[in-house]
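Here are a few friendly notes to read alongside the model. Keep the 3D view open and find each residue as you go.

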Amino acid sequence: MLSIRKSGAALGAEITNVDLSRETSHELFNAITEALYEHEVIFFRDQNLTPEQHIAISRRFGELELHVRADCCKPGYPEIFVVSNVVENGKPIGARDAGVIWHSDLSYMREPSWGSVFYAKEVPVDSNGVATGDTMFASTTAAYAALPAETKAKLQGLKSLNSYAKGYARVRKGGQKLPPLTEEQKSKVQDVAHPVVRTHPATGRQCLFVNQGYTTKIIGMDEAESDALLGYLIAHISDQRFVYRHSWRAGDLLIWDNCSTQHCAINDYDLPQRRLMERTTLRGSVPY
Ligand code: OGA
Ligand code: MN
């Protein structure tokens, strides 16, 4: 059966002795799901997966989403969202700088994703051969638990507004902006209200659910009060006490829980160093 090596941080664990290209048993996938609930981010090293296998493994955890940016999906595989700085024939093959601010995936949707299954295919290195392009993960359960009691009480019942357009509109590396969203894209991603503190549907744990990338305001507060509270919570979530930083190796398959964690990519590499990652996205449910 699987063995689990904790990262030593507030979240994160490596699962060893599993070859995901061969495993199919329900018992194993149940154990992996339990490990994901407990450790919030789990990863397997040295996996060798076809896109079909990546999709099939992902489906063991639930239904998959198709991303609103169809231009970033792997040709022939609408379930696979490509995160990469690689340009082929003058065209980026995926989202170039996805996730460089703290966020959880699809938190701007009415039913945010419950988890993402991320497969590292090419990892950049610096001039000393050390991997770059790490990803940081923060535990929103640990961050919530560490709040003072009066702050927890104040957050009860509050809702925030979340907007895909906010994250999309940000200025990219090199001062670039993306082309405006089309009307069709906009109609798929209208602003949505979510509880500031949500209950994890599987574990019952309380999770902070506002993020730097997509949350625009706390509903019912004036702008100054809302900005102050959001600023405080966003800084609190990314405090080092609650963070695990993953240094990628090609062949890593890493799964994160989008309710109990947030993540932030570190964009500290450039071509000719290539970074190529492929993500599937698990469909979630309405937060409560
Ligand atoms: C994502 C994302 C981070 C990274 O794919 O959802 O935020 O490190 N990626 O590429
Ligand atoms: Mn992301």
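**Notes on the metal site and its surroundings**

1. Start with the metal: the manganese ion (ligand 2) is coordinated by His103 (NE2), Asp105 (OD) and His263 (NE2), at 2.1 to 2.2 Å. Donors here are N, O and S atoms within 2.8 Å of the metal (3.2 Å for Na, K and Ca), and water is not among the atoms, so sites may look incomplete. Along the chain, the donors of this ion are spaced as H-x1-D-x157-H. Aspartate 105 lies in the loop between β7 (91–92) and β8 (115–122) and histidine 263 in strand β17 (residues 261–265), so the pair ties together parts that are 158 residues apart in sequence. Helices (H or I, at least four residues) and strands (E, at least two) are DSSP runs, numbered from the N terminus.

2. Before going on, please note that this is a predicted model, where local features need pLDDT of at least 70, side-chain atom pairs count only at pLDDT 80 or more, and totals for chains, interfaces and linings use all residues. Residues are numbered from 1 along each chain as written, chains are lettered from A and ligands numbered from 1 in written order, and side-chain values use heavy atoms, leaving out hydrogens and water.

3. Which side chains make polar contacts (N or O atoms within 3.5 Å) with ligand 1? An oxygen atom of ligand 1 lies 2.6 Å from a side-chain N or O atom of arginine 279. For histidine 263, the distance from a polar side-chain atom to a ligand 1 oxygen is 3.0 Å, and for histidine 103 the distance from a side-chain N or O atom is 3.2 Å.

4. Now look at the backbone. Leucine 271 and proline 272 are joined by a cis peptide bond, with omega about 10 degrees. Proline 272 belongs to the loop between β17 and β18 (276–282).

5. Finally, asparagine 17 is not a glycine, yet its phi is positive, about 65 degrees. Asparagine 17 sits in the loop between β2 (13–16) and α1 (26–39).

Note on methods
Polar contact = N/O pair within 3.5 Å; in protein donor to acceptor, adjacent residues only side chain to side chain.
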